[in-house]
Structures are given as C-alpha cells and as structure tokens.
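Hi,

Here is the structure I said I would pass on.

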Amino acid sequence: MRVIFAFLFSIVSLKTIGQYRFEPLVENEIINLNGGFNASFGGKSRTVLPFKIPTDCFGVVYTMTAVNPSKPIQSNFGLVAGLITVAGTGNMTLGSAVSKIEIPAGNQSADLFLLPSQQDAILFETKKDGQWKHIFNVCKENRSSCSVLLGGNGEFRTTEEHTMYLGLRNPSTLNPVTITINISLIFEQ
C-alpha cells in the first residue's frame, strides 16, 4: 500500500512547482499551415485554437515551435516536464522558469496572437486584418520558437469560466509551416 501511495504521490507532484500546479491542456498539437499565396487555392495560412480557462485559473503558459514540413526536426516537447526541470535548478519565480524553458529550435517562422473573443477569432481567421483585437503583451511575430506566460502574478485570475483563442498565422507567402503547440493552465496550490 505504501508503494502505491508513494507512486501516486510522485505522479501528482510531477505537475507541481512550489506553490503552483500545472494542468496540461494541449500537448504537442501539430498544426500545418500553407503560405499566404497558396492558401488562396484551397489551403489556409491561419487557424485558431480555442481553449477554455476555468475559474480560479492563475495563468496560462504556452510554447510554440515552427518548422519547415520538408525539413522536419524533432519538435515534441513536454511543457510541464520542461517547467519542472528548470524550476528544479533553483528558487525562481514562475516568469523566470518560463523564460528558461529549453524549447526545440524551429527552422521556419510563425505568428501567435492571443485573441480575447470569438468575434476576434472569426475576424482573424477570415483575414479581416485591422478589425480584430489581440492581447499585445503576449503576441509573438516571426518566431521560430517561443514560450509565453499569460498571467502568473494573479492578474489573470478568473471568477468564471471563459474561452480564449490562440491565433496562429504563417507569415510566409509561399512556404508552408508545421507548428507544434503546448498549452498548460496554472493554478495556485
């Protein structure tokens, strides 16, 4: 019985860092996008990934790696495991841990926008540029890989469940891109 308890405790503790608990929401989701010109002939150069933010969520962390589909590289990545590995190296803030995550380097670029509403997601996906809004401090443009912390100081805490949208765009007019996304929710313990 002690062995089973110890095993279960170790599994639960693998998803915690200090006062925070992480719940993986999206793990290594692969998204393929065409170049903007090629999207005119039946493909798409943008997509939106909706995700639910539950009540009492302290923050969200997400990572992205963009690669050329004809020159693939290993881009699978365990976000929670990466956070735990980094945080285990010393006493650091959540923001410091996120900034030190070693994400697989990409060989292509992509744009990420956090969109606050379904209307903004529709406008983004239908290329109504200039009409959709995004959260500026967490957008990343022309990146081959990145990690982003949304919240983490309590300013993101919610009292009711809502949905946010991660807008992904291929900035290239000709070259396709394959994007690997990870999203994890952060809760205080």
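This is a predicted model: local features need pLDDT of at least 70, side-chain atom pairs count only at pLDDT 80 or more; totals for chains, interfaces and linings use all residues.

**Notes on the sheet, the rings and the cores**

L112 has K140 of strand 6 as its bridge partner. Strands 5 and 6 run antiparallel and are joined by two bridges.

Those two strands belong to an open sheet of four, ordered 3-8-5-6 and paired antiparallel. Strand 3 and strand 6 (140-143) are the edges; each has a single partner strand, so one side of each has no neighbour in the sheet. On average, and ignoring direction, neighbouring strands here are turned by 20° against each other. Helix 4, residues 118-125, packs on this sheet and touches strand 3, strand 5 and strand 8. The direction of helix 4 makes about 165° with that of strand 3.

Now the aromatics. There are three aromatic pairs in the structure. Take F113 and W132: the ring centres are 5.0 Å apart and the planes sit at 70°, and since over 60 degrees counts as edge-to-face, that is what this pair is. F113 is in strand 5, while W132 is in the loop between helix 4 and strand 6, so the pair ties together parts that are 19 residues apart in sequence. F113 and W132 are both buried. Together with F124, these residues make up one aromatic cluster. F124 also has a charge over its ring: the charged end of R46 sits there, 5.0 Å from the ring centre.

On to the nonpolar cores. The largest has 27 residues, and the members touching the most others are V60, Y62, L166, I179, I181 and I183. Strand 9 gives the largest share, six residues.

Setting aside neighbours within four places in sequence, I181 is in contact with V26, E27, N28, E29, I31, L49, T63, M64, L112, L166 and L168. L112 is the residue I began with, the bridge partner of K140.

There is also a second, separate core of nine residues, which includes V48, F113, L123 and F124.

Cheers

Conventions:
Residues are numbered from 1 along each chain as its sequence is written. Side-chain values use heavy atoms; hydrogens and water are left out. A nonpolar core is a set of buried Ala, Val, Leu, Ile, Met, Phe, Trp, Tyr and Cys residues joined through side-chain atoms within 4.5 Å. Buried means under 20% relative accessible area, exposed over 50%, partly exposed in between (1.4 Å probe, protein chains only). Contact means heavy atoms within 4.5 Å. Two strands pair if DSSP finds at least two bridges between them. Axes are lines fitted to C-alpha atoms, for helices over the stretch in contact, and angles run from 0 to 180 degrees between N-to-C directions. Rings of Phe, Tyr and Trp (its six-membered ring) pair if their centres lie within 6.5 Å; planes under 30 degrees apart count as stacked, over 60 as edge-to-face and the rest as tilted. A charge sits over a ring if NZ of Lys or CZ of Arg is within 6 Å of the ring centre and within 35 degrees of the ring normal.
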